Amino acid sequence: MRISLFRRGLGALAVGAALAVLPSAFAADLRIAIAADVTSIDPHFYNLFPNNNIAEHIFDKLVQMDPDSKMIPGIATSWKTIDATTWEFKLRKGVKFHDGSELTAEDVVFSIDRVPLVANSPGRFTAYTKAIVSKQIVDPYTLRLKYAAPYPLAPNDLSTIYIVSKKAAANATTDDFNSGKATIGSGRFKFVKYVNGDRVELARNDNYWGDKPVWDKVTFRIIKSEASRVAALLSGDVDAMEGVPTADLTRLKADPKFNITSKISHRVIYFNFDFLDRSSPFITAKDGKPLAKNPLQDIRVRRAISKAINRPAIAERVMEGQAIPSGQLVSATLFGNVPGLKAEVFDPEGAKKLLAEAGYPDGFNLTIHGPSGRYVNDEKIVQAVAQMLARVGIAAKVETAPMGPYSARASKQEFSFFMVGWGASTGEASSPLRSLLATYNTDKGLGAVNWGRYSNPKVDYLIEQAMQQVDDENRKIMLQRSTELAMADLGLLPIHFQFSMWATAKGITYVPRTDEYTLAFQFKPVKG
Amino acid sequence: MLVFIIRRSMQSVVVLLVMSLLVFVGVYAIGNPIDILINPQADQAERAQAIASLGLDKPLYAQYFTFLSGALHGDLGKSFVHATSALGLILERMPATMELAISATLIAVVLGIPLGLLAGLRPNGVAGRSIMAGSILGFSLPTFWVGLMLIMVFAVELHWLPSNGRGPTTLLFGLIPVSFMSWDGLKHLVLPATNLALFNLALLIRLTRAGTHEALLQDYVKFARAKGLANSRVIGVHVLRNILIPIVTVIGLQFGALIGFAIVTESVFAWPGMGKLLIDSINFLDRPVIVAYLLVIVFLFILINLVVDILYSALDPRVRISESKG
């Protein structure tokens with residue numbers, strides 16, 4: 001309702017929208033509208049996307065990710081294993097913090113040590129540091145990290161740990177970071193100001209060791225409402241925005257005053273099946289009576305559901321072309337992608353046949369659950385899937401809820417068939433495999449988000465082997481093999497990889513990123 | 001008077017206590033926030049650790065008593081996602097919301113009462129009829145839509161005003177950050193304040209008109225006119241003073257509502273006030289902030305009602321605050 005009204009408004013008025021800032025005036029400042037709330041500036045307090053997005057500007061990491069989520073040198077110029085369980089990182093020399101002091105291995109160790117100690121954290125970065133058994137500073141520019149077992153993901157893990165200054169952050173609280181007192185990094189921008197719920201201001205670090213950004217001053221404005229974000233761009237109050245609503249896409253694309261950039265994201269949108277041996281909570285027979293057995297335990301029923309879903313139609317119509325249908329967990333450029341593993345072909349007749357074979361010729365009643373406002377067009381996707389299932393005889397209803405209450409129920413196995421999204425933030429397939437498809441196992445820390453409780457010992461074995469396989473080629477094969485097995489089982493049902501979209505005022509371009517980050521230094525003015 | 005205030009305060013404490021319990025249990029019932037708070041990559045052990053670190057592993061009554069004992073010392077708990085005091089967060093955001101609500105009330109009063117008087121005095125004139133027609137729009141158009149249209153017209157098309165956000169702030173009395181002291185700040189304030197004022201403006205117009213209409217038929221007005229008093233004195237003193245009581249009540253009650261429900265306007269205009277904080281906190285199930293916010297709002301309502309009661313007696317000498325009944 002809100003969006004369509006707004007589109008009508010846009011239709012009438014976008015023509016009249018003139019740009020407040022002309023290309024020649026860009027030189028100094030950049031104002032970016034971001035879609036989610038930054039809850040803190042402390043880079044170790046809370047592993048949350050918008051917080052990390054800001055930290056990316058102020059702090060450096062040992063290993064960086066390029067726009068395609070490939071690892072590139074950051075503070076570490078090189079890294080290698082020196083024995084089965086030890087990684088050695090060589091640090092860049094002459095890197096200066098914003099206060100002028102030099103960044104050394106001491107600061108790196110301090111930062112790693114600080115991760116588990118931050119008080120009152122709702123979500124730490126410990127997943128990426130807890131495997132480290134000991135740290136050894138060989139000299140100020142050489143750091144050795146020892147792990148209990150062979151650990152191939154050390155560089156991936158350290159690409160998430162921001163390096164703070166030991167001098168400035170010793171005994172610093174999260175409040176000290178928010179006020180700027182302890183916010184001393186070595187990144188491209190210096191911290192200026194953080195107004196909770198409103199904005200973050202940064203200024204260029206002229207002593208940055210790498211390419212210096214062109215912007216003197218960057219302001220991130222937090223504008224959560226999609227329509228308001230678009231209006232801010234149209235009115236020239238901001239120069240760029242993230243999270244372009246698909247509803248406004250056509251309009252913005254047609255307007256020569258704006259550029260749209262989009263890129264396939266590392267986020268896969270998928271459905272979980274209830275694998276538990278029970279009468280599944282939201283499935284009943286057509287007459288409304290509970291079914292004794294959970295039909296989703298039958299691979300034929302899962303396959304039928306997969307065949308009944310027209311993924312290209314969802315990508316084209318619901319997502320306005322801003323998605324690619326998927327048959328696996330990570331997209332083509334990411335480590336562990338299985339070349340040739342395609343999305344299931346739309347085949348409603350085949351689906352009906354499989355349902356009949358499985359003993360449900362008339363289908364059954366199903367309530368599909370999904371989050372609202374969490375992923376791009378999440379509610380619409382769930383509704384589209386429900387309609388598609390209805391066509392093969394599965395009478396599907398839809399229930400959606402905000403992510404908070406939704407995930408609280410989904411994680412307690414209260415649903416039968418439900419949508420989730422997963423971003424492979426370490427840039428490779430072990431992230432979704434470990435969390436989504438490995439058997440739920442508290443001792444091993446596996447399957448933490450395996451909300452459907454899929455379990456296949458062969459898949460588990462391959463994942464665990466891969467986790468210890470330092471040789472990249474072998475590890476890749478193991479990840480691919482386990483993905484193939486789990487996908488053949490339909491351990492979960494991938495729908496598509498969503499695109500992230502940015503819109504900029506004409507005269508500015510953005511280098512889009514797989515990891516969805518909106519990084520000020522990747523906005524570039526166009527000459528001329 | 002003093003007894004009245006003391007009695008009111010005691011009642012208020014009970015209301016606050018009941019309120020806190022209801023909200024606490026309500027938010028608890030929605031579910032454990034850990035699944036939305038924690039990064040999905042975390043494993044089970046980290047989840048357990050985060051749950052413990054936020055105190056969510058304890059039974060409900062234990063969590064509530066921890067909260068209560070903190071509240072007695074003026075500490076309403078720490079926000080899960082901001083790691084700072086929940087009350088501090090709200091107080092930090094409060095000036096922005098107050099500024100918006102006060103501006104909106106001013107707009108509604110300054111425009112609404114004269115327009116309503118005019119409509120009441122000339123109910124069948126062109127002005128009177130158009131004012132009443134306009135007030136229907138103010139009632140019936142949804143706030144978010146009007147907000148977006150204001151943005152489309154004044155920011156996107158005409159470029160007269162900024163589309164969203166709060167302008168630069170300066171400290172009032174060296175304490176409260178306000179934005180209306182600067183030109184840029186005022187420009188940022190105009191659209192959201194107008195948007196928020198519309199409903200109340202319509203309400204005040206109708207209320208004033210009805211009151212005026214009724215008062216004009218009363219004997220004392222006829223008597224005043226018969227005495228030969230100037231029209232301005234009849235309207236300005238005799239009529240206006242007598243219709244002010246319901247108007248003050250409504251302004252008072254609506255002021256509370258403006259603060260509480262500025263949420264929509266704050267979201268549309270990305271205005272960094274308390275309402276936006278509440279929405280964000282609900283999305284995170286950030287219970288300490290939700291509870292603290294609602295307690296602050298209840299407290300404000302109690303305070304406003306008290307002020308309205310006292311204003312009554314100032315406006316109308318017949319109203320005496322009763323010492324015995326309270």
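Guide: Of the 528 residues of chain A, 55% count as buried, meaning that 20 or more other C-beta atoms, placed from the backbone, lie within 10 Å of a residue's own; 12 or fewer is exposed, and in between is partly exposed. The model is predicted: local features need pLDDT of at least 70, side-chain atom pairs count only at pLDDT 80 or more, and totals for chains, interfaces and linings use all residues. Residues are numbered from 1 along each chain as its sequence is written, with chains lettered from A and ligands numbered from 1 in the order written.

Chain A holds 16 helices and 20 strands. These are DSSP runs numbered from the N terminus: helices are H or I with at least four residues, strands E with at least two. The C-alpha trace of chain A spans about 75 × 65 × 40 Å along its principal axes.

Now the interface. 56 residues of chain A are in contact with 55 residues of chain B; contact requires C-beta atoms, placed from the backbone, within 7 Å. Six elements of chain A each supply at least two residues to this side: helices H1 (2–13), H6 (174–179), H7 (226–234), H13 (403–410) and H14 (430–437), plus strand E10 (217–222). H13(A) gives the most, with 6 residues. By type, the side of chain A that touches chain B has 24 nonpolar, 23 polar and 9 charged residues. Nonpolar covers Ala, Val, Leu, Ile, Met, Phe, Trp, Tyr, Cys and Pro; charged covers Asp, Glu, Lys and Arg; the others, Gly among them, are polar.

Terms used:
Contact = placed C-beta atoms within 7 Å.
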